[in-house]
Amino acid sequence: EKGGFEYFMLKEIHEQPKAYRDTMLGRIDEQGEKVILPELKLTPDQIMNIRNIQIIGCGTAYHAGLVGRNVIETLVRIPVETDVASEYRYRSPIVSPDTLVIVVSQSGETADTLAALREAKANGAHVLAITNVVGSSIARDADDVIATLAGPEIAVASTKAYTSQLIAFYLLGLYLAEVRGTQTPEAVKEMIQAMQALPEQLDMMLEQSESIKAYAEQISHHEHLFFIGRGLDFAVAQEGSLKLKEISYIHSEAYPAGELKHGTLALIEDGTPVIALVTQESVLEKTVSNIKEVSARGADIMVITYEEHAATLLKSVDQVFVIPKTLPLLSPALAVVSLQLLSYYASLALGNDVDKPRNLAKSVTVE
Ligand code: M6R
């Protein structure tokens, strides 16, 4: 059942190229020029009228929503907020019939997310669910469903569900952009081509997954560490930090790289591991100066970046892990996989039950 893998989590990490292909299947036209989402009931007229979007989820699904916000705002220029479901419900969210609410849930049964969905619907919003379980309560209650086709996810730590949620956001973002005319056909085509290359790029990364093992063993001896990044790299940093805490029990914090000097830098000591994500080239120089700030305080820095920046970065950091080149919006779909592997191998080195971390359940059906 684990297909030769020691744990479901590793199996599911390796199933991601297939999950990407399956989630894209039938949702891109034959010419590779347009996204088609035949399942959507949301009409072009309704799409034209959307004034704001609210994305809601818990844990990893919330983190996918952070990427979704950036993707939709960049491609469609509609204001997007992302909330943790248990917070959304109680903050009197401002919803109108022109609000599109997107709920994200692997299981489709998370109580907080379901309650937030009902709250949004009661306030008149159109609710679209991105879920991995089509017969779930969330899928049933939503007005629209985009199914992620990741297949069953058994490990408590979510991996392929998160990355297929990212694919769903890319598809939805492109579709909304097509309808509202906010992107040129060339830009849409370029992004579709880059998306279609992701499964193969991920296969290449997975072939080298052992290379992250030694570093994972090294950090497993530490009590706390930091993940830093800007923009989408910060969104991925948050997911990486959750994954590491969840299965290795090592305390970590994800920080926007530019925010460290407003307090957190005080926690950096000689040898504190800092994992920096550097894939957003528009802010690369800025992140590099933040890396120098932590390096000057003695941090032990590992960077995740593209090949072309590796040599320069190695002058100021201890280790570099290279990921295949893609478009800025798509980098989370590759970068996060190195962090999944990192937490997997750290958990394994510590002798934990990777698939069943203490105190946690796969599906949280209590509020
Ligand atoms: O099934 P859901 O996507 O609604 O679950 C939400 C969270 O409970 C879940 O993502 C949790 O954070 C994962 N265990 C993280 O790996």
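Contact denotes heavy atoms within 4.5 Å; helices (H or I, at least four residues) and strands (E, at least two) are DSSP runs numbered from the N terminus. The model is predicted: local features require pLDDT of at least 70 and side-chain atom pairs count only at pLDDT 80 or more, whereas totals for chains, interfaces and linings use all residues. Residues are numbered from 1 along each chain as its sequence is written, and side-chain values use heavy atoms, with hydrogens and water left out.

Helix α2 spans residues 16-24, and its buried residues are Gln16, Pro17, Ala19, Tyr20, Thr23 and Met24. These residues cover an arc of only 165 degrees around the axis, which places them on the same side of α2; the arc is that of the directions from the helix axis to the C-beta atoms. Just after α2, Gly26 adopts a positive phi of about 75 degrees.

Leaving aside residues up to four places away in sequence, Leu202 touches Gln16, Pro17, Tyr20, Leu334 and Val337.

The strands form an open sheet of 5 members in the order β2-β1-β3-β4-β5, with parallel pairing; two strands pair if DSSP finds at least two bridges between them. β2 (80-84) and β5 stand at the edges with a single partner strand each, so one side of each lacks a neighbour in the sheet. From one strand to the next, the twist averages 20 degrees. Strand β1 (residues 52-57) pairs with β3 in the parallel sense over 5 bridges, and Gln54 stands opposite Val101 in β3. Helix α4 (residues 59-76) packs on the sheet, where it touches β1, β2 and β3, and its direction makes about 175 degrees with that of β2. Helix α8 also packs on the sheet, touching β1, β3, β4 and β5, with its direction at about 160 degrees to that of β3. Axes are lines fitted to C-alpha atoms, for helices over the stretch in contact, and angles run from 0 to 180 degrees between N-to-C directions.

Within the sheet, 6 of the 6 residues of strand β4 (residues 126-131) are buried, so β4 is largely enclosed by the rest of the structure. Both of its faces are covered, with His126, Leu128 and Ile130 buried on one side and Val127, Ala129 and Thr131 on the other. β4 pairs in the parallel sense with strand β3 (residues 99-105) over 6 bridges, and Ile102 stands opposite Leu128. Parallel pairing with strand β5 (residues 144-147) involves 4 bridges, and here Ala129 stands opposite Val145.

Helices α8 and α14 pack at an angle of about 170 degrees, their axes being 10 Å apart. The two helices are therefore roughly antiparallel, where angles under 35 degrees count as roughly parallel, over 145 as roughly antiparallel, 65 to 115 as roughly perpendicular and the rest as oblique. Their contact is made by Tyr162, Thr163, Leu166 and Tyr170 of α8 and by Pro332, Ala333, Val336 and Gln340 of α14.

Technical notes:
Buried < 20%, exposed > 50% of the residue type's maximum accessible area, 1.4 Å probe, protein only.
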